[in-house]
Amino acid sequence: MARFTRRGSQKAGETPGTVTYVGEAREADVVISRFEYDEEDVSRDILSSPDAASSARTTGKVSWINVDGVHDIEKIQSVGEGFDLHPLVIEDIAHTGQRPKIEEYGSSLFIVLRMLRWNDEADEIDDEQVSLVLGPSWVLSFQEREGDVFEPIRGRLLSNRGRIRRLGADYLVYSLIDAVVDHYFAVLEILGERVEDLGEDMTENPKHADLDAIRHLKRELLFMRKSIWPLREVLAGIQREESDLVGEATSPYLRDVYDHTIQIIDTVETLRDMVSGLMDLYLSSVSNRMNEVMKVLTIIATIFIPLSFIAGLYGMNFDFMPELHWKYGYFAVLGVMLAAGVGMLLFFRRRRWL
Amino acid sequence: MARFTRRGSQKAGETPGTVTYVGEAREADVVISRFEYDEEDVSRDILSSPDAASSARTTGKVSWINVDGVHDIEKIQSVGEGFDLHPLVIEDIAHTGQRPKIEEYGSSLFIVLRMLRWNDEADEIDDEQVSLVLGPSWVLSFQEREGDVFEPIRGRLLSNRGRIRRLGADYLVYSLIDAVVDHYFAVLEILGERVEDLGEDMTENPKHADLDAIRHLKRELLFMRKSIWPLREVLAGIQREESDLVGEATSPYLRDVYDHTIQIIDTVETLRDMVSGLMDLYLSSVSNRMNEVMKVLTIIATIFIPLSFIAGLYGMNFDFMPELHWKYGYFAVLGVMLAAGVGMLLFFRRRRWL
Amino acid sequence: MARFTRRGSQKAGETPGTVTYVGEAREADVVISRFEYDEEDVSRDILSSPDAASSARTTGKVSWINVDGVHDIEKIQSVGEGFDLHPLVIEDIAHTGQRPKIEEYGSSLFIVLRMLRWNDEADEIDDEQVSLVLGPSWVLSFQEREGDVFEPIRGRLLSNRGRIRRLGADYLVYSLIDAVVDHYFAVLEILGERVEDLGEDMTENPKHADLDAIRHLKRELLFMRKSIWPLREVLAGIQREESDLVGEATSPYLRDVYDHTIQIIDTVETLRDMVSGLMDLYLSSVSNRMNEVMKVLTIIATIFIPLSFIAGLYGMNFDFMPELHWKYGYFAVLGVMLAAGVGMLLFFRRRRWL
Amino acid sequence: MARFTRRGSQKAGETPGTVTYVGEAREADVVISRFEYDEEDVSRDILSSPDAASSARTTGKVSWINVDGVHDIEKIQSVGEGFDLHPLVIEDIAHTGQRPKIEEYGSSLFIVLRMLRWNDEADEIDDEQVSLVLGPSWVLSFQEREGDVFEPIRGRLLSNRGRIRRLGADYLVYSLIDAVVDHYFAVLEILGERVEDLGEDMTENPKHADLDAIRHLKRELLFMRKSIWPLREVLAGIQREESDLVGEATSPYLRDVYDHTIQIIDTVETLRDMVSGLMDLYLSSVSNRMNEVMKVLTIIATIFIPLSFIAGLYGMNFDFMPELHWKYGYFAVLGVMLAAGVGMLLFFRRRRWL
Amino acid sequence: MARFTRRGSQKAGETPGTVTYVGEAREADVVISRFEYDEEDVSRDILSSPDAASSARTTGKVSWINVDGVHDIEKIQSVGEGFDLHPLVIEDIAHTGQRPKIEEYGSSLFIVLRMLRWNDEADEIDDEQVSLVLGPSWVLSFQEREGDVFEPIRGRLLSNRGRIRRLGADYLVYSLIDAVVDHYFAVLEILGERVEDLGEDMTENPKHADLDAIRHLKRELLFMRKSIWPLREVLAGIQREESDLVGEATSPYLRDVYDHTIQIIDTVETLRDMVSGLMDLYLSSVSNRMNEVMKVLTIIATIFIPLSFIAGLYGMNFDFMPELHWKYGYFAVLGVMLAAGVGMLLFFRRRRWL
């Protein structure tokens with residue numbers, strides 16, 4: 001649950017703009033890599049020092065500085081200062097519990113996204129904050145750990161596939177957002193299959209353990225919704241604000257990724273509806289089974305209790321009980337019992353209980 | 001359920017604007033047909049090559065190019081390029097899981113609709129994406145497979161009935177949207193009858209299988225709602241944006257189809273309310289029946305359990321039990337039992353349990 | 001239920017603007033009546049031919065043409081054409097399943113209302129479409145059948161009571177809307193009484209048949225809501241659009257009828273809340289009664305089952321059972337039984353089950 | 001319930017603007033009182049005739065005409081005409097079922113409020129319509145009956161406490177609204193205590209009668225909400241419209257009373273939440289008690305039913321039943337029974353049913 | 001519950017602007033402390049008289065006057081008058097039940113916040129009103145009692161850490177708001193842990209006492225929500241109104257604290273969802289346990305009731321019952337009983353009840 005209540009701000013009492021890392025303690029080194037490209041050329045290198053990053057600002061090419069790991073506060077800060085980032089931006093990059101948001105700071109645009117991937121081991125959604133800063137000809141991206149969904153973009157940059165090398169830094173930012181959003185579909189597909197499978201299982205044989213599965217799916221969908229819902233506002237915001245940083249050629253692409261986000265939200269809501277439906281299915285099947293149990297009890301009891309009474313009657317030890325001495329008394333009583341039992345059964349059948 | 005989670009975008013990692021078909025694999029050929037008409041003349045032909053389509057742009061007449069089948073990516077692309085469509089438009093045409101939407105691209109208007117028809121065999125709503133592109137004097141329409149709801153429009157074009165040949169490409173686009181929306185009424189009528197029939201059945205004899213029917217109706221209505229709800233925004237959008245492509249004469253017709261959409265949404269919501277009502281009806285009748293079962297059990301048990309106890313009492317084998325030797329002991333006991341039973345019945349009647 | 005899913009548009013595939021009547025088949029003749037009035041004079045006549053109606057456009061007086069019956073398509077059409085109505089307006093007049101709406105067509109204003117009256121025989125709300133067209137000095141009104149809520153207006157016109165003859169066609173339209181809205185109060189009063197009566201009945205003795213009454217009231221309120229809700233938008237629309245057709249003197253009256261509509265919607269929502277409350281009342285009283293039944297069963301069973309066991313114990317036929325031969329064994333057992341029974345009762349009382 | 005469906009308009013068919021009184025028949029005389037004041041002077045008198053009221057319009061002082069009783073239509077009308085009120089205003093004053101609203105009529109502002117007081121006898125909220133009309137230097141107030149929440153204002157006027165004599169008619173109107181709103185807090189406090197007390201009672205011993213209390217509180221809160229909710233709009237409206245009648249000095253006070261209204265709405269919603277919580281508490285405690293009852297039944301029955309069976313077994317009268325003749329057969333059986341009973345108890349304890 | 005219905009206005013009938021303290025009676029003295037600082041200097045002192053406070057208005061430095069305790073009406077009033085506060089501002093400061101709000105009064109900005117802290121003893125959220133007034137170069141802050149969340153700010157002022165001494169009064173107000181909001185995270189963390197712990201407890205062994213815990217958490221979350229929700233509007237208001245009092249340098253910081261508020265609201269909603277989930281978990285586990293109880297009862301009863309009947313049958317005392325005299329009659333009956341019991345068990349197993 002800690003995923004839900006993660007605090008996205010400095011510790012109480014700290015000076016605002018103080019950069020503290022609030023995620024899990026991490027050992028791995030911070031890795032800073034840089035792409036520089038224009039239509040003709042592309043170069044890729046790993047920077048040994050964060051200070052080298054800011055040289056990107058002056059080349060005529062587009063630069064993409066990617067930072068894996070935000071737990072080394074000093075490095076983040078020195079990258080940030082190289083690009084004149086506002087202290088609050090640096091703070092938000094390090095405090096990795098932010099909601100998706102977009103903020104304009106003078107000549108740069110700061111965007112926070114949640115990168116979601118399905119974690120098979122933990123059987124839950126893995127969540128990582130991706131912070132993007134878009135400048136006139138450079139893009140900074142910060143991730144919590146190595147491994148991301150940006151490999152295809154790197155491939156396109158190196159092989160010059162598509163429009164990516166022709167269009168500027170804004171198109172690169174769009175591509176990064178698009179890669180993150182596209183991966184939501186992959187997560188949704190896994191959740192969708194889960195919902196479908198559970199639905200089929202439960203139609204055949206609903207059991208108590210299904211409740212846990214339902215709750216699990218509900219939680220993951222809630223988590224997903226929480227990460228994606230604000231993104232819609234972010235993307236609408238980019239289009240509305242008409243920043244100079246986003247060119248006209250990139251604009252339809254942003255509208256496109258906005259559409260995808262709407263579609264994902266739609267699907268998440270549909271899946272949530274379906275999971276609620278499964279809950280109802282479970283409850284109604286439990287109550288249905290309960291009803292059957294009760295019916296069997298009632299039928300058995302209502303048939304045999306009166307019969308037992310009759311048997312008890314003739315088990316009494318009174319001296320003078322004339323029926324006991326009739327020759328066919330026993331068989332007469334058996335007959336009466338049979339008639340009573342059959343009568344009961346017919347009564348039940350008439351009431352459609354059988 | 002795949003209907004609900006269909007992905008409406010490129011596979012993760014693909015270059016945006018990459019055109020991939022994501023629907024079921026299809027064998028049928030792509031068929032491209034063309035209408036060219038003005039007030040005097042109309043011609044209809046099947047185009048052998050997609051390249052021929054773009055010649056439509058230069059005639060003085062109105063052209064309607066209809067493409068059946070979007071699984072042959074190359075053909076779609078060559079039609080699209082003939083009309084200078086934006087790569088994202090072509091991508092959206094091929095990825096047939098789009099929500100209804102409207103987008104303006106410079107001199108053309110791109111509209112996505114969901115064409116719904118009732119599939120009797122599968123006993124569910126059949127859903128197909130219809131993509132329309134409106135240019136100054138031409139309309140492109142793309143469908144997933146042959147067979148559509150546009151036959152009456154073709155008839156009107158050929159026989160010059162109504163205003164269709166007098167008004168321009170915008171009126172043709174309106175007619176296509178109107179045909180799709182009108183067919184929603186047909187689907188709604190089928191669903192409405194289902195709901196009504198089920199309601200009548202259940203009033204007489206609610207049974208467990210009705211739950212499945214309710215769930216089925218709920219799902220279809222949810223599906224329908226998902227397809228129609230965004231359409232409202234689309235149609236409001238056309239009216240609001242006041243594109244040059246839509247003339248004043250067509251404007252009241254668009255308002256009219258907007259009204260129909262509102263009415264359909266209204267009816268879908270009403271039907272959803274009714275289906276919820278059926279669910280309540282089912283639950284209350286189940287609990288009512290359960291109550292009756294329990295009452296019978298209680299009445300039988302509470303009458304006979306005490307009587308059985310009395311019988312058991314006099315079945316005890318104590319040496320000294322004076323009642324056993326009374327002459328009319330047996331009959332006295334029978335009398336007591338009768339009195340107890342009748343007393344119980346009167347008690348139940350007073351409490352209105354009988 | 002057909003009341004809920006009535007289609008308000010042409011049959012699928014028809015040319016838009018085709019005028020087809022979609023209501024029940026009707027035999028009665030279409031009756032066209034006309035009022036012509038100014039402050040000095042008033043005349044009232046029945047028109048023999050629909051063509052005569054349009055002469056109204058040129059007199060200096062205010063004319064009100066009322067058409068009872070819209071099933072004779074030709075007559076409707078010839079009236080409509082006499083006043084230059086847009087084909088879609090004529091279509092909407094004949095398709096009597098429209099939602100309340102307002103539309104401006106050049107020099108005239110088209111308003112659709114639902115006239116509701118309580119039908120005692122069918123025990124439900126009777127619903128009829130009233131279409132109004134307001135021109136510079138004339139008003140057309142179309143109703144589905146004879147009989148309406150406009151008699152008091154006719155009386156005021158003839159007797160020159162109030163302002164109606166002094167003010168123009170816009171005030172007449174207001175008066176017609178006001179008459180329709182005022183009648184909603186009458187219907188609401190009937191429904192309100194029903195809800196109140198049912199509530200009182202159920203407090204005393206809730207029974208299964210009440211469920212049907214609740215459902216019935218719910219349906220009627222839903223139906224009413226569906227008819228009235230859009231009216232609010234219509235009336236807000238008239239005020240907002242500030243059409244030249246509506247003079248300043250009439251404006252406060254429209255605000256007044258808007259207030260009434262808000263009040264009706266408020267009351268409908270309150271009644272819906274109350275009906276939900278009745279449902280809860282029913283359910284809680286059913287479950288309460290069920291609890292009582294169960295308690296009685298439990299008390300009887302838990303007292304007598306152990307006693308019966310004791311009786312059974314001493315009904316066993318073992319050769320060697322010393323208690324059986326004790327002189328006061330029988331009475332001792334009776335004493336034990338009495339003590340056990342009383343103990344049970346005290347236990348129940350302590351737990352507040354009695 | 002009549003409180004909820006009171007009709008706030010003329011009877012169906014009446015000329016709009018017809019003034020009819022729709023409340024309960026009242027005997028008391030209409031009392032018209034007048035305050036005239038400026039910073040130096042204040043006078044208070046009872047007017048014998050309604051015509052005298054309008055002389056107030058011409059003095060240089062601020063006049064407050066208060067009318068107790070709106071059932072004498074003629075008097076209301078003659079007051080109204082003296083101040084040139086619109087016929088619809090006079091109608092709304094007499095039809096005392098209006099929602100709170102604000103309307104601007106040329107040079108005057110018409111405000112409707114609901115004055116709520118707790119009626120101890122009827123144990124419900126007492127509701128009265130207060131209609132205010134604000135002119136340039138005069139205020140009219142109409143109430144349904146004598147007795148109101150305005151005494152403190154009269155006191156301040158007479159003793160010249162606070163700013164009331166210094167500021168104009170707009171401040172007087174503010175003071176009247178503020179007095180009404182302030183009294184809502186008193187009503188809320190009573191309801192709040194009720195909710196609190198009921199909650200404490202129910203935690204100790206929930207009983208069926210609590211359901212009625214819950215429903216009662218629910219209804220009163222619903223009633224209160226219905227009266228207060230529109231007031232918020234009214235007060236926002238005064239601030240937004242920036243009528244010339246409301247001076248700058250009074251403006252912060254109106255914002256203040258608006259804040260109070262928001263706070264009251266907030267508290268009403270919170271109380272409604274709490275009452276819903278009480279309902280849940282009741283239901284869960286009922287089902288909890290039911291569960292306990294069922295558990296006792298189950299434990300008793302499952303222990304003794306098998307034991308009774310064993311006893312029955314050895315009560316059979318077969319000639320050849322070897323166990324019956326064993327010397328310690330009886331004690332062996334008793335032992336078996338004891339073991340079975342203890343086993344059952346242990347089983348229950350292991351399952352945490354005891 | 002008094003926390004929920006606290007009245008935030010003068011007593012009914014009081015002159016508006018009358019300053020009355022409405023909180024609990026307090027003994028402690030009112031303490032007024034003052035900070036004066038600019039980039040070079042800082043001084044801190046305790047003011048002996050409230051009149052001294054207003055001298056702050058004329059120094060060139062930034063002054064922060066903090067008042068602990070608002071129960072001494074006269075002192076509050078004399079501070080307020082020293083800074084020309086509007087009477088309604090002073091009233092709101094003393095009536096400590098205000099919702100968070102922002103109001104502009106000419107040259108000063110009045111802000112009300114709720115300061116929340118977790119009270120371990122009472123095991124609930126402690127709530128205190130903080131009223132801030134921002135002038136051109138001074139800030140007033142009023143608290144209900146000593147002890148607050150501002151210590152770190154005092155520390156930063158004294159030690160000149162961060163930007164606080166460089167930026168003006170607006171940054172100080174931001175810092176105070178930020179400190180309050182930051183403390184919400186601390187409270188949320190406690191509540192989050194509670195929810196988590198309760199969830200774990202209940203998965204293992206849900207018990208009736210958990211209901212109280214759920215209700216407790218629900219109430220605290222509701223309380224928190226009520227305090228924080230309006231804050232969002234307040235912070236959006238500061239940014240929107242673009243008062244001259246808030247400089248451009250402080251603006252991004254206010255956006256940042258707005259973001260935190262959104263995040264807190266988000267988390268509160270998530271926790272509320274989770275608590276609802278716990279309620280469902282409780283209910284489903286109770287009904288599940290109930291089902292198990294009922295099943296055991298049914299199985300025991302349905303197996304033994306028929307067997308007991310058979311035993312009773314052969315306990316009858318008829319003279320002529322041939323089976324009784326068969327040599328292996330007893331064993332045959334035992335066999336029949338065994339077969340019936342096993343048959344029942346198999347039947348239950350087939351129906352998956354075991």
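A residue is called buried under 20% relative accessible area, exposed over 50%, and partly exposed in between, with a 1.4 Å probe and protein chains only as cover. The model is predicted, so local features need pLDDT of at least 70 and side-chain atom pairs count only at pLDDT 80 or more, while totals for chains, interfaces and linings use all residues. Residues are numbered from 1 along each chain as its sequence is written, chains are lettered from A and ligands numbered from 1 in the order in which they are written, and side-chain values use heavy atoms, with hydrogens and water left out.

With a relative accessibility of 25%, Asp123(A) is therefore partly exposed. Asp123(A) sits in the loop that runs between strand 5 (108-119) and strand 6 (124-134) of chain A. Helices (H or I, at least four residues) and strands (E, at least two) are DSSP runs, numbered from the N terminus. The phi angle of Asp123(A) is near 55°, a positive value in a residue other than glycine. Most residues other than glycine have a negative phi. In chain B, Asn160(B) also has a positive phi, near 60°. Asn160(B) lies in the loop between helix 4 (151-159) and helix 5 (169-204) of chain B, and its relative accessible area of 35% makes it partly exposed.

The next topic is the pairing of chains. Contact here means heavy atoms within 4.5 Å. Between chain A and chain E, 64 residues of chain A and 59 residues of chain E take part. The two chains bury about 5,300 Å², with carbon and sulfur atoms giving 63% of that area; buried area is the accessible area (1.4 Å probe) that two parts lose on being put together, summed over both. The rule finds 3 salt bridges across this interface, a salt bridge being a side-chain nitrogen of Lys or Arg within 4 Å of a carboxyl oxygen of Asp or Glu. Lys101(A) and Asp259(E) are joined by a salt bridge with an N to O distance of 2.7 Å. Several elements of chain A supply at least two residues each to the side that touches chain E, among them helix 1 (2-5), strand 4 (101-105) and helix 7 (251-313). Helix 7 of chain A gives the largest share of that side, 16 residues.

Chain B and chain C form another interface, in which 60 residues of chain B are in contact with 63 residues of chain C. About 5,300 Å² is buried between these chains, 62% of it on carbon and sulfur atoms. Across the interface of chain B and chain C there are 3 salt bridges. Lys101(C) pairs with Asp259(B) in a salt bridge, the closest N and O atoms being 2.7 Å apart. The count of residue pairs in polar contact is 10. On the side of chain B that touches chain C, helix 4, helix 5 and helix 7 of chain B give two or more residues, and helix 7 of chain B has the largest share, 31 residues.

Chain B and chain D do not touch, and their nearest C-alpha atoms are 9 Å apart.

Key
Polar contact = N/O pair within 3.5 Å; in protein donor to acceptor, adjacent residues only side chain to side chain.
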